[in-house]
Structures are given as C-alpha cells and as structure tokens.
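Here are my notes for you, as promised. Keep the viewer open and click along as you read.

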Amino acid sequence: MTDKRKYQDRAQYLIKAVAKRRRKVKQMAIEYKGDKCQICGYNKYQGALEFHHINGKKEFGIGDKGYTRSWESIKSELDKCILVCSNCHREIEKNNIPQ
C-alpha cells in the first residue's frame, strides 16, 4: 500500500515555506537598507533589526504580511523606512531620538 499525502501534511509544508520566504525577504530587505542600524550601527542579529516608517504613511507594514508581496513593492515601501535596531526603534517611538 502506498501512503497518500494528507491535507495536514500539505498545510505544514506551506507554513514552513512561507516562514522560509519571509526570512529570505527580510534578509534581502536588511541588505537593501545597509545591513545595520542607521542610528547606532548595530548589526549582530537580524531579528533585532526593524523598519521604521519615516513619515508615518505606509501602504503595508514590512513585518506583517508584507513579505508575500513582490520584491518591487517591498522595495518601494522600504524606501519610506529607515533600518533601526529594537532599542533605537523604541527610542524613536518615544521621541527620544530625532528621525
């Protein structure tokens, strides 16, 4: 008897594929923006790097659902952002660091 692929197997595969693509696109986005925090220069862990929209106007959030879009639309959105580490991002949000 041959095993048939089940829906649950396919669902797990898709979850892993989407997570892999998001990691890849985030790495590409970080490289596109210079590989380090544009305020303090931090570059040790990509998970601690975030994108801050400069003017507050955004079509979509880079970190949420943005990675399923085309690279061209992501780059267009990235052009409205600066790359900052988590600490500097919190400082910016509290208006402790000028943009």
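1. Start with Glu 50. In this predicted model, Glu 50 counts as buried because its relative accessibility is 19% and the cut-off for buried is under 20%. Its side chain meets that of Arg 90 in a salt bridge, 2.8 Å from N to O. Have a look at how this pair ties distant parts of the chain together: Glu 50 is in strand E1, Arg 90 is in helix H3, and they are 40 residues apart. Arg 90, at 47% relative accessibility, is partly exposed.

2. Now stay in helix H3, which runs over residues 86-93 and includes His 89. His 89 is buried, with a relative accessible area of 12%. Which residues does His 89 touch, leaving aside those up to four places away in sequence? They are Glu 50, Phe 51, His 52 and Val 84.

3. Val 84 is worth a click too. Its contacts beyond four places in sequence include Cys 37, Leu 49, His 89 and Ile 92. Val 84 also sits in the largest nonpolar core, a set of 16 residues, and is among those with the most contacts inside it, along with Cys 37, Leu 49 and Phe 51. H1, E1, H2, E2 and H3 each give two or more residues to this core, and the largest share, five residues, comes from E2.

4. On to helix H2, residues 71-78. Ile 74, Glu 77 and Leu 78 are buried here. They span an arc of only 100° around the axis, so they are on the same side of H2. What do the buried residues of H2 pack against? Their partners are helix H1 (7-32), strand E1 (49-53) and strand E2 (81-85).

5. Lys 80 is partly exposed at 22%.

6. Helix H2 also holds Glu 72 and Lys 75, three residues apart, or about one turn of the helix. They form a salt bridge with the closest N and O atoms 3.5 Å apart. Glu 72 is exposed at 52%, while Lys 75 is partly exposed at 22%. The salt bridge count comes to three.

7. Last, the rings. There is one aromatic pair in the structure: Tyr 32 and Trp 71, edge-to-face, with 6.1 Å between centres and 80° between planes. Tyr 32 belongs to helix H1 and Trp 71 to helix H2, 39 residues apart. Tyr 32 is partly exposed at 36%, and Trp 71 is partly exposed at 22%.

How values were computed
Residues are numbered from 1 along each chain as its sequence is written. This is a predicted model: local features need pLDDT of at least 70, side-chain atom pairs count only at pLDDT 80 or more; totals for chains, interfaces and linings use all residues. Side-chain values use heavy atoms; hydrogens and water are left out. Buried means under 20% relative accessible area, exposed over 50%, partly exposed in between (1.4 Å probe, protein chains only). Helices (H or I, at least four residues) and strands (E, at least two) are DSSP runs, numbered from the N terminus. The arc is that of the directions from the helix axis to the C-beta atoms. Contact means heavy atoms within 4.5 Å. Rings of Phe, Tyr and Trp (its six-membered ring) pair if their centres lie within 6.5 Å; planes under 30 degrees apart count as stacked, over 60 as edge-to-face and the rest as tilted. A nonpolar core is a set of buried Ala, Val, Leu, Ile, Met, Phe, Trp, Tyr and Cys residues joined through side-chain atoms within 4.5 Å. A salt bridge is a side-chain nitrogen of Lys or Arg within 4 Å of a carboxyl oxygen of Asp or Glu.
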